[in-house]
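Q: How does one read a predicted protein model, feature by feature? Please guide me through one example.

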Amino acid sequence: MKIAVCIKRVPVMEVKFAITADGSRYEETGLKYDINDFDLWAIEAALQLKEKAGDGTVHVVCLGPNAAQEQIRKAMAMGADSGVLLESDARNYDGLAVARALAAELKGGAYDLVLFGRISIDSMNQMTGPMVAELLDLPVVTNVFKLDINGATGRAERVLEGASEVVEFPLPAVLTIDDGLNKERLPSLKGIMAAKKKPLEIKPANLDAAQVTVRSMALPAERAAGRIVGEGADAVPELVRLLQTEAKVL
Amino acid sequence: MSFDTLSDPIPALPSVELSAHAADLFNIDAALTEEERAIRDTVRAFVDEKIIPIIGQCYVDGRFPAELIPEMAEMGLLGSSLPEEYGCAGLSSVAYGLIMQELERGDSGIRSFASVQGALVMYPIFAFGSEEQRRTYLPRLAKAELIGCFGLTESDYGSNPSGMITRARQQPDGSWIINGGKMWITNGNMADIAIVWAKTEDGDSDKSIRGFIVHTDTPGFSVKETKGKLSLRASVTSELVFEDVHVAANALLPNSGGLKSPLMCLTQARYGISWGVLGAALACFEEAVSYAKNRVMFDRPIGGFQIQQVRLADMLTEIVKGQLVALHLGRLKDAGNFTPVQVSLAKRNNVHIATEAARETRRLLGGNGILAEYAAMRHMANLESVYTYEGTHDVHSLILGQAITGLNAFK
């Protein structure tokens, strides 16, 4: 089985973000980066499929800055076999332009599966996977949280609002992976050491001109401090009154 | 207060949010290789996920979380700097140090387990063992199919191991009979094998000290767990007793000879400790920063008061200095030209500053600082053991004193 996984380098979210002076993007100084969470689950899914099949390859494709090599190496430390970096220093990516660049890279690769995370936790567009599928003229299944591949047929469960559905699809196909499918493995130390010997190709990303431009970015307003209206049963009437009149949730 | 609360489950605290600025003020990250950072981050994730949520409760219960051993082995944390041909990860000394740092960020007891298995059991088999012993034991120790312990210290011979009374007497057929006992043995009650150091001749000379691989199920080998510890409670500490323990000729580590051999092991372990304690110090510092920013007293966060800012400034300064010492020592070790005296300086300094950081954090946390829900007092109590084991602070002072003056204070 030949699997490609598309991953994105995203900032680690456990820091306070600041907006740049021109208001168009977040400040990058002091940020740490990792693989997008949903992409980690896509990598894990690919590795598990390969292990279950007993053979195959997992190839990682990443579009991002030169430093994104670190994320490709991490995927390799987890067990991916090879990787390619489509290098670009663009700050805000245009979804269609990224999808076209990825599709051009994947085209002709004869992959049985192309996996994406359902969404990237920084820009949250959840468009790249479906657009790549469209450009490659492949079936796409989004929000996969259960997956079973049997020969040339796949079976997936998808999350719906308050429900789930089971779909079948022929291979090759594009899937976007939701949380709940698996828990990603930690790279082993031997895996980390082996990763630096695996092939990583770097080439410039051919990005079309952006059609969608981010004009401004803002942080949410600070939440007001909490208020204690009293203690015990005596506080209930006042609490109910405030929930009705002030918070308007009752 | 009621001490019944000690039996309640200890809640896991959410991980601490710190600005990157405070966490790595000197951008030491940039002095690490990409692999070293990846290794550190992997072990950090393991510790955050598996150790920190349970370790407070383990400590209160006096229990080493042995259920984590298979995963630690699977990741390659045991004997990680030994060569790949023996089933180990073949990492640099700096990577090894970073592993120790991250494990001790969880707890000194967890790091002690890994230190003993790697530096005090696997290293002597690698350094002094026959090729057959290496191939027999190292891969199984790396996979934790075997757990090891290291017996050097005796009840009356701690800082002066050359006075040990444990004796191994060779029999006409080449086999050995060992008599004596060892104390303060980490992992003792869990161990399948013990590296036992014994004198092989009569007399006081430490030249006859040799190392032996002794299986703990050998008749005459008994182990008693050391109870009543108020430090390293999440670690197994034991006493070993040997009564006519009969081992085959091939139990001897053939290339061991004299006190120098166990001291070489201790140099490895002390190197790891000089990194490990930085993890405890960082855990305390991060807890102190978080608490100082969130704890309101006199209508504002206590971090706004000068006295707490001095505490935090002192802690961070000493941690940064300790990190630079450990990192440079690691680079020297990888270049093959580090000395035991350098290790003494690093162990002595870093354990000291970590102990102080834990103590100051405990104080900054006020009453909450005595609870197992927070890490500070656990680290503080643990570090008193680390201060004492692997060459006490005082002994390392005298090693440095001798190196400086050329005058030996031990004699």
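A: Let us begin with one packing arrangement. In chain A, helix α2 lies across the strands β1, β4 (57-64), β5 (82-87) and β11, and runs at about 165° to β5(A). Helices (H or I, at least four residues) and strands (E, at least two) are DSSP runs, numbered from the N terminus. The axes are lines fitted to C-alpha atoms, for helices over the stretch in contact, and angles run from 0 to 180 degrees between N-to-C directions. Two residues are in contact if their C-beta atoms, placed from the backbone, lie within 7 Å.

Q: What should I know about the model and its numbering?

A: This is a predicted model, in which local features need pLDDT of at least 70 and side-chain atom pairs count only at pLDDT 80 or more, while totals for chains, interfaces and linings use all residues. Residues are numbered from 1 along each chain as its sequence is written, and chains are lettered from A and ligands numbered from 1 in the order in which they are written.

Q: How many helices and strands are there in chain A?

A: Chain A contains six helices and eleven strands. Its C-alpha trace spans about 70 × 45 × 40 Å along the principal axes. Among contacts in chain A with a separation of 6 or more, 71% are between residues 24 or more positions apart.

Q: In which order do the strands form the open sheet of chain A?

A: Strands of a sheet pair through backbone hydrogen bonds, either parallel or antiparallel. Two strands are said to pair if DSSP finds at least two bridges between them. Here nine strands of chain A form an open sheet in the order β9-β8-β7-β10-β6-β1-β4-β5-β11, with mixed pairing. Strands β9 (163-170) and β11 (200-204) of chain A stand at the edges, each with a single partner strand, so one side of each has no neighbour in the sheet. On average, neighbouring strands of this sheet are turned by 30° against each other, direction ignored.

Q: Which strands of chain A run parallel, and which antiparallel?

A: Strand β1 (residues 2-7) of chain A runs parallel to strand β6 (residues 113-117) of chain A, and four bridges join them; the bridge partner of Ile3(A) in β6(A) is Leu113(A). Strand β7 (residues 140-150) of chain A pairs with strand β10 (residues 173-177) of chain A in the parallel sense over three bridges. By contrast, β7(A) and strand β8 (residues 153-160) of chain A run antiparallel, joined by six bridges. Val144(A) has Ile177(A) as its bridge partner in β10(A) and stands opposite Arg158(A) in β8(A). The strands β7(A) and β8(A) form a hairpin with two residues between them, and Gly151(A) in the turn has a positive phi of about 65°.

Q: Is Gly64(A) buried or exposed?

A: A residue is buried if 20 or more other C-beta atoms lie within 10 Å of its own, exposed if 12 or fewer, and partly exposed in between, with C-beta atoms placed from the backbone. Gly64(A), in strand β4 of chain A, is buried because 23 other C-beta atoms lie within 10 Å. Its C-alpha atom is separated by 7.2 Å from that of Lys8(A), 56 residues apart along the chain. Asn150(A), in strand β7 of chain A, is exposed, with 9 other C-beta atoms within 10 Å. Over chain A, buried residues make up 36% of the 250 residues. Strand β11(A) is hardly covered, and the count of buried residues among its five residues is zero.

Q: How many residues of chain A are in contact with chain B?

A: In this model, 17 residues of chain A are in contact with 18 residues of chain B. Helices α2 (69-78) and α5 (189-195) of chain A each supply at least two residues of the side that touches chain B.
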